[in-house]
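Let's take a walk through a protein model and see how its parts hold on to one another. Keep the picture open while you read.

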Amino acid sequence: MVRIEALIIGDELLDGRVTDTNTVRLAQRLSEMGLKIQQRTTITDDQDIIVREATNIAERGTKVCVVSGGLGPTSDDITAESFAVLLGVELERDAAEAKKIEERLTSRGREVTPNQLRQADRPTGAEVLVNDYGTAPGFALEYKGCRFVSVPGVPREFDPMVEAGVLDYLRGSSSKPARRILRTFGMTEAGVETKIVDLKSRWPMVRLGFRAHFPTIDVSLSAADSDRAHLDEAAAYAREKLGAHIFSEQKGSFASTLVKLLADAGETVATAESCTGGKVGDLITDVSGSSRVYHEGVVAYSNEVKMKRLAVKPETLEAHGAVSEPVVLEMARGIREYTGATYGLSISGIAGPTGGTPDKPVGTVFLAAVGPDFEEVRHLNFNYGRERNKVLSAYAVLDLLRRQLNK
């Protein structure tokens, strides 16, 4: 495999002011091509360190290194001069790029200053990379067999310049692997791996990976195209072991799977929420086209609203409390009857950090799903803090209905 590295330059990336999202997107694009980043190095704006790390990268046998940052107009933007030192050459100003910088600034009523024009400087002999979204052009050069591609760190400039200067260059060096993605909900990352722990030993030619994006876990299976039959076997095995925890094998949000199921069946849903404060409705309406399936959502935070809008009986609240199986069942029935939706979903719980009791500690949640031919209630206990408890509860009630529709 072609060895690829990333050299990320900037004090702001090491003192917490800025998060490096560029490498994440670069890794995703490379993965689509069957390639990956072998190493990422993040360093300060220091010429000696830049020269040292670039030398180390080349000496590791790296074929391509993406260099991000340090191409702006300020005194700490020293990437170009550092690479000039690395090559033992002078900086030269690209006249065409300097003219473009002047025209861009003038058209926006900004002053053309010497430090703005220094963005057109590059190591002598380097290839210019055009920047259509900013003033700083990039450059590419060869050093000890490694192609260094230096681009600005601003994401909207980084992405198109990497596409042209790196990905186009690499397209002839890779073959796209066969891949399967199994997207799961309802288990921890460790729990998912335990379910399929022997997959790697049974199909050693299949690469297995996990990506946790709370509260879901993606399982990726990939193999060379020549091993596609083995990949299919491994994926079938994983599907069997993970069962109903798999909610999708496609891109898209968690709720989009449920929205599609409802739309395909010509059915609708309405929601009654207490502790989640509207998160269930938010998840559903984040999906384009959800208006076809989503009737209404009621945030019934107080007992008065539960009684007035959802027809929860006062005696039920008195006997069992708002956070209870009988109450969420009446909430789901009430919202379904009130809106005329095919299905009613409801949630009531104690998100925390206060409000818990010995019988109902913080994280206690009751969920209900009611349809034409079923009623189901689930009692769960979460211990992830208020915000995550709310998110998990919202996902869990959608999952409750998804599993019913898939029976």
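Before we start with strands, here is a rule to keep in mind: two strands count as paired if DSSP finds at least two bridges between them. Also remember that this is a predicted model.

Strand 15 and strand 16 are joined by 6 bridges and run antiparallel. Within this pairing, Leu345 has Ala369 of strand 16 as its bridge partner. Strand 15 also pairs with strand 13 (residues 269-273), this time in parallel, through 5 bridges. There, Val269 stands opposite Tyr343.

Is strand 15 buried or exposed? Of its 7 residues, 7 are buried, so the rest of the structure largely encloses it. In a regular strand, side chains alternate between the two faces of the sheet. You can follow both faces here: Tyr343, Leu345, Ile347 and Gly349 are on one side, Gly344, Ser346 and Ser348 are on the other, and all of them are buried.

Now for the rings. The structure holds 9 aromatic pairs. In one of them, the ring centres of Tyr343 and Phe374 are 5.9 Å apart and the planes sit at 35°, so this pair is tilted. Elsewhere, ring pairs link Phe185, Phe247, Phe254 and Tyr395 into a cluster.

| Charged end | Ring below it | Distance to ring centre |
|---|---|---|
| Arg147 | Tyr169 | 4.6 Å |
| Arg388 | Phe214 | 4.0 Å |

The largest nonpolar core has 33 residues, and Val269, Leu367 and Leu398 touch the most other members. Among the elements that each supply at least two residues of this core are helix 10 (254-265), helix 11 (279-285), strand 16 (364-371) and helix 15 (386-405). Which element gives the most? That's helix 15, with 9 residues. Another core lies apart from this one; it has 22 residues, including Cys65, Leu86, Ala126 and Phe148.

Let's zoom in on Leu398. Leaving aside neighbours within four places in sequence, Leu398 is in contact with Phe254, Ala255, Leu258, Val280, Leu283, Ile284 and Leu345.

Helix 15 is worth a quick check of its own. At 1.5 Å a residue, its 20 residues should span 28 Å, and its end C-alpha atoms are 29 Å apart, which agrees. Of those 20 residues, 15 are buried, so helix 15 is largely enclosed by the rest of the structure.

Last stop: strand 9 (residues 178-185), where 6 of the 8 residues are buried, leaving the strand mostly covered. Strand 9 runs antiparallel to strand 11 (residues 216-223), and 8 bridges join them.

Technical notes:
Residues numbered from 1 in each chain as written. Predicted model: local features only at pLDDT ≥ 70, side-chain atom pairs only at ≥ 80, totals over all residues. Heavy atoms only, no water. Phe/Tyr/Trp six-rings, centres within 6.5 Å; stacked < 30°, edge-to-face > 60°. Lys NZ or Arg CZ within 6 Å of the ring centre and 35° of its normal. Core = buried A, V, L, I, M, F, W, Y, C linked by side-chain atoms within 4.5 Å. Buried < 20%, exposed > 50% of the residue type's maximum accessible area, 1.4 Å probe, protein only. Helix = DSSP H or I, 4+ residues; strand = E, 2+ residues; numbered from the N terminus. Contact = heavy atoms within 4.5 Å. Expected span 1.5 Å × (residues − 1).
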